[in-house]
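Hi everyone, thanks for coming.

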Amino acid sequence: DRMAREAYSHEVTSCGWWPGNRMFPQPAFYAYSAPVPPGLDAEPVRPAAAYWDSQLGEFILKYDDARTAPSPEQAILDFCQSAYEAGAKLAKWDRASLERSAPAPFK
């Protein structure tokens with residue numbers, strides 16, 4: 001549809017969580033880049049439990065693997081950041097134009 005065409009007319013990266021479905025029946029975090037650059041499936045992502053799922057065509061970090069990590073929050077942040085970096089590197093995105101420094105944390 002028109003909305004999807006516009007959304008995917010430029011570089012796209014996405015990460016999120018879903019509860020599972022018939023195709024992948026367990027809760028997990030996902031991450032992908034679109035269009036998928038060649039070689040993305042071979043790129044390493046963090047943490048070590050994360051992997052490329054060829055059936056889904058995206059990186060997966062199972063919820064239980066994140067939940068039982070020494071630092072679950074850091075595991076999820078590492079997953080999203082490393083998946084983004086892998087896609088941006090292979091697709092040769094202009095990262096200087098796309099990225100901003102993180103704001104200082106609230107006190």
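Here is something to look for: leaving aside its neighbours within four places in sequence, which residues is L40 in contact with? Keep in mind that this is a predicted model. Once those sequence neighbours are set aside, L40 is in contact with S33, W52, F59, A86, G87 and L90.

L40 belongs to the largest nonpolar core, which has 12 residues in all. W52, F59 and A86 from our contact list are in this core too, and among the other members are F29, A31, V45 and F79. Where do they come from? β2, β4 and α3 each supply at least two residues of this core. The largest share comes from α3, with 3 residues. There is also a second, separate core of 8 residues, including V12, A28, A34 and I60.

Next, the backbone. Most peptide bonds are trans, and most residues other than glycine have a negative phi. With that in mind, have a look at the peptide bond from A34 to P35: this one is cis, with omega near -10 degrees.

Last stop: K92. This residue is not a glycine, yet K92 has a positive phi of about 55 degrees. You'll find K92 in the loop between α3 (72-91) and α4 (95-98). Is K92 buried or exposed? K92 is exposed, with a relative accessible area of 73%.

Note on methods: Residues are numbered from 1 along each chain as its sequence is written. This is a predicted model: local features need pLDDT of at least 70, side-chain atom pairs count only at pLDDT 80 or more; totals for chains, interfaces and linings use all residues. Side-chain values use heavy atoms; hydrogens and water are left out. Helices (H or I, at least four residues) and strands (E, at least two) are DSSP runs, numbered from the N terminus. Buried means under 20% relative accessible area, exposed over 50%, partly exposed in between (1.4 Å probe, protein chains only). A nonpolar core is a set of buried Ala, Val, Leu, Ile, Met, Phe, Trp, Tyr and Cys residues joined through side-chain atoms within 4.5 Å. Contact means heavy atoms within 4.5 Å.
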